[in-house]
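Thanks for coming, everyone. I have one structure to walk through today. Please keep the model open while I talk.

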Amino acid sequence: MKSTDQAWSDDLLLALRLREVPGTRIGEVLAEVQSHVAETGEDPRQAFGDPKQYADEVAEALGLQRGRGWRHLLSGLSWAHLVVTVVIGVASFLLADSLWGLGAGDDAAFGVPSGLMAAGAVVVLAACAAWIAAASRREPDDTVRDPRTGEDMARLGRWQLAVLIGAPVLALTLMLFGGLLTR
């Protein structure tokens, strides 16, 4: 698929997820779109229209409520999700602050030694990551699978995973380097 076709398909996938279309049906819809584009060479926007409108049509055909969107997604979050999100944010800030302090040779926030604060923040972030991984395993499997091959159609690509991991690592490395420059 061309990158513009893939972008359209990605928008459709998100729109279908927001409308709570089951993963198996999303896989079928995406496979239909990809097959049509491959056979005709037609642009998916011309063939199927706007991805959000097409997702509305698919959801309506399944008898699902039309486009409740982000508010509905947020309503499914628990207090535990909110607490973990805040803890991740605070621990990330404290890790960045302590790395800056390590580089600068200063203490971290609250006068705590930078090394100790960095180690504590890493432990807290690892615990949060473990909680998220365990919670995702408890969720029902609603993977978007290609009905033709059985492969996951919504998995992260290598470059996406690299950015997801690389951006925070780069930012934290720059914090340490920035602290070293202040010496």
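**A walk through the model**

Let's start in a loop. Glu 20 lies in the loop between α1 and α2. Keep in mind that this is a predicted model. Now look at the backbone of Glu 20. Its phi is near 60 degrees. That is a positive value in a residue other than glycine. Is Glu 20 buried, exposed or partly exposed? Glu 20 counts as partly exposed, because its relative accessibility is 42%.

Find Phe 110 in the loop between α6 and α7. At 76% relative accessibility, Phe 110 counts as exposed.

Ala 109 sits in the loop between α6 and α7. Buried or exposed? Ala 109 has 18% relative accessibility, so it counts as buried; the cut-off for buried is under 20%. What does Ala 109 touch, leaving aside neighbours within four places in sequence? The answer is Leu 94, Asp 97 and Met 117. Now pick out Ala 162. Ala 109 and Ala 162 are 53 residues apart along the chain. Their C-alpha atoms are separated by 30 Å.

Next, Ser 114. This residue is found in helix α7, which covers residues 114–138. Ser 114 is buried, with a relative accessible area of 5%. Again we leave aside neighbours within four places in sequence. Ser 114 is then in contact with Ser 98, Gly 101, Leu 102, Asp 106, Asp 107 and Ala 108.

**Aromatic rings**

On to the rings. A pair of aromatic rings is described by the distance of the centres and the angle of the planes. How many aromatic pairs does the structure hold? Three. Take Trp 8 and Phe 48. This pair is tilted, with 5.9 Å centre to centre and 35 degrees between the planes. Where do the partners sit? Trp 8 is in helix α1, residues 3–18, and Phe 48 is in helix α3, residues 44–48. The two are 40 residues apart, and the pair links distant parts of the chain. Trp 8 has 3% relative accessibility, so it counts as buried. Phe 48 is buried too, with a relative accessible area of 18%.

Phe 48 also pairs with Tyr 54. That pair is tilted as well: 5.1 Å centre to centre, 55 degrees between the planes. Tyr 54 is buried, at a relative accessible area of 13%. Ring pairs link Trp 8, Phe 48 and Tyr 54 into a cluster.

**The nonpolar core**

Tyr 54 takes us to the core. In soluble globular proteins, nonpolar side chains tend to be buried together. Here the largest nonpolar core has 17 residues. Which of them touch the most other members? They are Leu 12, Leu 16, Ile 26, Val 33 and Tyr 54. Helices α1, α2 (23–40) and α4 (51–61) each supply at least two residues of this core.

Zoom in on Ile 26. Do not count residues up to four places away in sequence. Ile 26 then touches Leu 13, Leu 16, Arg 17, Val 21 and Val 144.

For contrast, take Glu 39. Glu 39 is in helix α2. It is exposed, with a relative accessible area of 67%. Now find Val 83. Glu 39 and Val 83 are 44 residues apart along the chain, and 49 Å separate their C-alpha atoms.

**Two packed helices**

Last stop. Two packed helices are described by the angle between their axes and the distance between the axes. Look at helix α6, residues 79–104, and helix α8, residues 158–181. They pack at an angle of about 35 degrees, and their axes are 6 Å apart. Is the crossing right-handed or left-handed? Right-handed.

Who makes the contact? From α6 we have Leu 95, Ala 96, Leu 99, Trp 100, Leu 102, Gly 103 and Ala 104. From α8 come Leu 172, Met 175, Leu 176, Gly 178, Gly 179 and Leu 180. Sort the residues of this contact by class. There are 10 nonpolar, three polar and no charged residues.

That's my tour. Over to you.

Conventions: Residues are numbered from 1 along each chain as its sequence is written. This is a predicted model: local features need pLDDT of at least 70, side-chain atom pairs count only at pLDDT 80 or more; totals for chains, interfaces and linings use all residues. Side-chain values use heavy atoms; hydrogens and water are left out. Rings of Phe, Tyr and Trp (its six-membered ring) pair if their centres lie within 6.5 Å; planes under 30 degrees apart count as stacked, over 60 as edge-to-face and the rest as tilted. Helices (H or I, at least four residues) and strands (E, at least two) are DSSP runs, numbered from the N terminus. Buried means under 20% relative accessible area, exposed over 50%, partly exposed in between (1.4 Å probe, protein chains only). A nonpolar core is a set of buried Ala, Val, Leu, Ile, Met, Phe, Trp, Tyr and Cys residues joined through side-chain atoms within 4.5 Å. Contact means heavy atoms within 4.5 Å. Axes are lines fitted to C-alpha atoms, for helices over the stretch in contact, and angles run from 0 to 180 degrees between N-to-C directions. A crossing is left-handed if the near helix is turned anticlockwise from the far one by less than a right angle, and right-handed if clockwise. Ala, Val, Leu, Ile, Met, Phe, Trp, Tyr, Cys and Pro count as nonpolar, Asp, Glu, Lys and Arg as charged, and the others, Gly among them, as polar.
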